[in-house]
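Here is a short note on the model, for your review. Please read it with the coordinates open.

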Amino acid sequence: MPPDLTTTRHAQLFELLRQESLSNRTSTRLRARSFARAQIDTDDAADIRALAVDSWQAA
């Protein structure tokens, strides 16, 4: 393969690998955010339930 094509192909490969890495990091971050959001929603629901029970007992 001529040297000028080798350099171009290396640059293309590097860019593809960079984009794949960014995609993987984004996917991981979104999965973590989704998990955290679900946990926060569960915690919020438990807090609201506890407040409701407390308010019913006080009445």
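Predicted model: local features only at pLDDT ≥ 70, side-chain atom pairs only at ≥ 80, totals over all residues.

The points below go from overall form to single side chains.

1. Side-chain atom pairs are counted only at pLDDT 80 or more.

2. Fold content. The protein has 1 helix and 0 strands. That helix, α1, covers residues 3-58.

3. Overall dimensions. The C-alpha trace spans about 85 × 10 × 5 Å along its principal axes. The radius of gyration is 25 Å, whereas a compact globule of 59 residues would come in near 10 Å.

4. A check on the ends. How far apart are T8 and W56 in space, C-alpha to C-alpha? The distance is 72 Å, for a sequence separation of 48 residues. T8 is a residue of helix α1. Its relative accessibility is 41%, so T8 counts as partly exposed.

5. Burial. What share of the 59 residues counts as buried? The share is 0%. The cut-off for buried is under 20% relative accessible area. The accessible surface of the protein is about 5400 Å². Carbon and sulfur atoms account for 62% of that surface.

6. Charge. There are 8 positive and 8 negative side chains. The centres of the two sets are 7 Å apart. Side chains of opposite charge can pair when their charged atoms come close. How many salt bridges does the whole structure hold? The search finds 2.

7. Salt bridge E15 to R18. The N to O distance is 2.7 Å. Why can these two side chains face each other along the chain? E15 and R18 are 3 residues apart in helix α1, so about one helical turn separates them.

8. Salt bridge R37 to D41. The closest N and O atoms lie 2.9 Å apart. Both residues sit in helix α1, with a spacing of 4 residues, about one turn of the helix. R37 has a relative accessible area of 43%, so it is partly exposed. D41 is partly exposed as well, with a relative accessible area of 40%.

9. Recap. The model has 1 helix and 0 strands, with 0% of its residues counted as buried. The salt bridges found number 2: one joins E15 and R18, and the other joins R37 and D41.

Conventions: Residues numbered from 1 in each chain as written. Heavy atoms only, no water. Helix = DSSP H or I, 4+ residues; strand = E, 2+ residues; numbered from the N terminus. Rg over C-alpha atoms; globule rule 2.2 N^0.38 Å. Buried < 20%, exposed > 50% of the residue type's maximum accessible area, 1.4 Å probe, protein only. Areas by Shrake-Rupley, 256 points an atom, 1.4 Å probe, with all protein chains shown as cover. Lys, Arg positive; Asp, Glu negative; His and termini not counted. Charge placed at Lys NZ, Arg CZ, Asp CG, Glu CD. Salt bridge = Lys/Arg side-chain N within 4 Å of Asp/Glu carboxyl O.
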